[in-house]
Amino acid sequence: MYRWDFAPIWANSDLLLAGLGNTLVLTAVALAGGLPVGLALALARLSGSRLLAAPAGLVIEVFRTTPPLVQLFWFYFGLPIILKVEMTPYLAAALTFTIQSGAFFAEIFRAGIVSVDKGQSEAARAIGMSKAQTMRRIILPQAVKRMFPAMMERSIELMKTTTLVATVSYADLLYQANELAQKTFRPLEVFTAAALLYFLIITLVSMLGARVERRMAQSGEMAR
Amino acid sequence: MDTPLLRLAGLDKRFGDRAVFSGVDLDVKRGDRIAIIGASGSGKSTLLRCINFLERPDAGRVILNGEPVGTERQRAGVSEIRYDEGSLNRLRQRVGMVFQQFNLFPHMTALGNVMEGLLTVKHMARAQAGERAQAELARVGLADKAEAYPAHLSGGQKQRVAIARALAMEPEILLFDEPTSALDPALVGEVLDAIQALASEGRTMLLVTHEIGFAYHMATRVLFLAEGGIYEQGTPDEVLKAPRRPLTQAFIAGHRRFSF
């Protein structure tokens, strides 16, 4: 019979927590960068100008359809060769997940924007608002409300996908767990503890998200 | 001679292969109230939407106060008209529109809806825009609904907010695109009253409507659209009471069938 022993994990919890910190930093950076990148890609794709739409579409499709692990390798191993730059695990990870989440966010933004009734932009244009003003003041506020659940889902997915960065030795939670497992010979306990941390963080974020969603619904402004 | 406030000259509009109308000419003088009637698909709404360029006419010019909208230029021997964003935005400030489906901004209060153009287009200070918007709401009888969101307003109230939103921009011409067609019959009256009040102020307006009775009382001129253009026009008495041409006669007869 296997005897569970979590004592070594408690003794080394600072290692796991440091990894968790790195995971959260990377997720936050990828979110903070991915949202504007996604919006820019979506607007480019919807712009009606082929010069903007085609490259934006290409970026979106490439990053949505290729394995994130390969993308990470492109940035970590490929980019330094092409650009002759120094690449750190953190920078490669941040770039990969900013653009990758941007590609997914772009499709969410696009779906949200086109879901807003055409009459909304017509009404805004009819009082003389410019295209940009219409997008910023009328379309996006309504689109973002509708997109929120999908954005939450994608953000959770993002946090879990960042575990791939262990392969380029960025010291995220899973990387630290791996180190600890080798050190303590207790892989089952260590990875279970790591999974528990992911579970706790993501559950907490989901609950916060659900609360925000409820509050938006309560304000009762969505129905027409 | 007086320059007409609005002139349409040889306006064409096609959707794909189908010509909606072609060669439409119209002069609108200050204070004219023009009712546009016709069967579904006769191009009434499209004609109205070409005036503020929610639809681009395929040919012809829209001339506001003697100034043609857009710039004509020759390209490979063919003349074409270019419409730049800025000039269309300026035109739209002078031509207000009220839609069948109201199209209020659902994420803003009634007051916010009316203020929006004042803030973003006229660059008015917030306090001043608020006062102005409140006055416009009061004019359509909705001073007490300023803080209500559209979801909490009846259809008639929504349409009156939409009228206030258009009026706030101080347009020289008002376009009404079937403003009562989406309303419960019981709510039509309050919106027609609001439009009637604007009519009695002497405002210039074009109204696409199925409310033949209202058109008769409100309009100074009636256009009947059919066969890809203005099929018959004249005073309300001429077109609605004694139409001369067969399609107009059939249309009016159809509308009178169930009146009592």
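1. The model under review is predicted. With that definition in hand, helix α2 of chain A shows a bend of about 25° at A:G34. A proline, A:P36, follows within four residues of that glycine.

2. How far does helix α2 of chain A reach from its first C-alpha to its last? The helix covers residues 13-46, 34 residues in total, and its end-to-end reach is 48 Å. That value is close to the 50 Å expected at 1.5 Å a residue. Just after the helix, A:G48 adopts a positive phi of about 85°.

3. Chain A as a whole contains nine helices and zero strands. The C-alpha trace of chain A spans about 70 × 50 × 25 Å along its principal axes.

4. Side chains of opposite charge can pair when their charged atoms come close. Within chain A, A:R45 and A:E107 form a salt bridge through their side chains, at 3.0 Å from N to O. This pair joins distant parts of the chain: A:R45 lies in helix α2 and A:E107 in helix α5 (residues 89-115), 62 residues apart. Over all chains, the structure holds 24 salt bridges.

5. Chain B places 29 residues in contact with 24 residues of chain A. Between the two chains, about 2,300 Å² is buried, and carbon and sulfur atoms give 55% of that area. Which three residues supply more than any others of the area that chain B buries against chain A? They are B:F105, B:P106 and B:H107, which together supply 24%.

6. Three salt bridges are counted between chain B and chain A. In one salt bridge, the side chains of B:R49 and A:E122 meet at 2.6 Å, N to O. On the side of chain B that touches chain A, α2 (85-94), β8 (95-98), α3 (110-120) and α5 (155-168) of chain B each supply at least two residues. By class, that side has 13 nonpolar, 10 polar and six charged residues.

Conventions
Residues numbered from 1 in each chain as written. Chains lettered and ligands numbered in written order. Predicted model: local features only at pLDDT ≥ 70, side-chain atom pairs only at ≥ 80, totals over all residues. Heavy atoms only, no water. Contact = heavy atoms within 4.5 Å. Buried area = accessible area lost by both parts, 1.4 Å probe. Salt bridge = Lys/Arg side-chain N within 4 Å of Asp/Glu carboxyl O. Nonpolar A, V, L, I, M, F, W, Y, C, P; charged D, E, K, R; others polar. Expected span 1.5 Å × (residues − 1). Bend = angle between axes of the 7 residues up to and from the residue.
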